[in-house]
Amino acid sequence: MVHNVSDINDQRQFLLLGHRGSSLLWPENTLEAFVNALNAGADGFELDVMVTTDGVPVLFHDPNLKRLHGINVGVEELSYDQLRDLLN
């Protein structure tokens, strides 16, 4: 949706998107982050999709689990079950 001048009293001709949802306040790439980005006034949100070795799409930004979970293994090197087990 592109807003017009009458929408917000300026000449905004861009979309306001939440980066991985509202990832500064909520866990990134989660439903909670997406809903809260929209509730905060975002027009939409950006998300990241990766595919596990068994073909299951998962929402994850980094190529590996190191930054968020301290495990140096690639998301796309694991099956969905392996990924789930590592994160539980």
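Predicted model: local features only at pLDDT ≥ 70, side-chain atom pairs only at ≥ 80, totals over all residues.
Reader: Which residues form a nonpolar patch on the surface, and how much accessible area do they have together?

Author: The patch is formed by Leu 38, Phe 45, Leu 47, Val 49, Val 51 and Leu 59, which together have about 450 Å² of accessible area on the surface. One of these residues, Phe 45, is partly exposed, with a relative accessible area of 30%.

Reader: How many aromatic pairs does the structure hold, and how should I read the geometry of the rings?

Author: Planes under 30 degrees apart count as stacked and those over 60 as edge-to-face. The structure holds 1 aromatic pair, and because the planes of Phe 34 and Phe 45 stand at 10°, with the ring centres 4.2 Å apart, this pair is stacked.

Reader: Which residues of H2 are buried, and which are exposed?

Author: Ala 33, Phe 34 and Ala 37 are buried in H2, and because they cover an arc of only 100° around the axis, they lie on the same side of the helix. Leu 31 and Asn 39, on the other side of H2, are exposed. The cover over the buried residues of H2 includes S1, S2 and strand S4 (57–59). After H2 comes Gly 41, whose phi is positive, near 110°.

Reader: What is the idea behind a salt bridge, and how many does the count come to here?

Author: Side chains of opposite charge can pair when their charged atoms come close. In this model the count comes to 6 salt bridges. In one of them the side chains of Glu 28 and Arg 20 meet at 2.9 Å, N to O, and the side chain of Arg 20 also meets that of Asp 48 in a salt bridge, at 3.9 Å, N to O. Arg 20 lies in the loop between strand S1 (17–19) and H2, while Asp 48 lies in the loop between S2 and strand S3 (49–51), so this pair ties together parts that are 28 residues apart in sequence.

Reader: Are Glu 28, Arg 20 and Asp 48 buried or exposed?

Author: Glu 28 is buried, at a relative accessible area of 17%, Arg 20 counts as buried at 11%, and Asp 48 is buried at 15%. Salt bridges that share partners join Arg 20, Glu 28, Asp 48, Asp 62 and Arg 67 into one network.

Reader: With which residue does Asp 85 form a salt bridge?

Author: Asp 85 forms a salt bridge with Arg 84, with 3.7 Å between the closest N and O atoms. Arg 84 is partly exposed, with a relative accessible area of 36%.

Reader: In which helix is Leu 86 found, and which residues is Leu 86 in contact with once neighbours within four places in sequence are left aside?

Author: Leu 86 is found in helix H4 (residues 80–87) and is partly exposed, with a relative accessible area of 38%. With those neighbours left aside, Leu 86 is in contact with Leu 65, Ile 71, Val 73 and Leu 78. For Leu 86 and Ile 71, the separation is 15 residues in sequence and 8.6 Å in space, C-alpha to C-alpha.

How values were computed. Residues numbered from 1 in each chain as written. Heavy atoms only, no water. Phe/Tyr/Trp six-rings, centres within 6.5 Å; stacked < 30°, edge-to-face > 60°. Buried < 20%, exposed > 50% of the residue type's maximum accessible area, 1.4 Å probe, protein only. Helix = DSSP H or I, 4+ residues; strand = E, 2+ residues; numbered from the N terminus. Contact = heavy atoms within 4.5 Å. Salt bridge = Lys/Arg side-chain N within 4 Å of Asp/Glu carboxyl O. Patch = residues over 30% accessible without salt bridge, like charges linked within 9 Å, V, L, I, M, F, W, Y side chains within 5 Å. Areas by Shrake-Rupley, 256 points an atom, 1.4 Å probe, with all protein chains shown as cover. Arc of directions from axis to C-beta.
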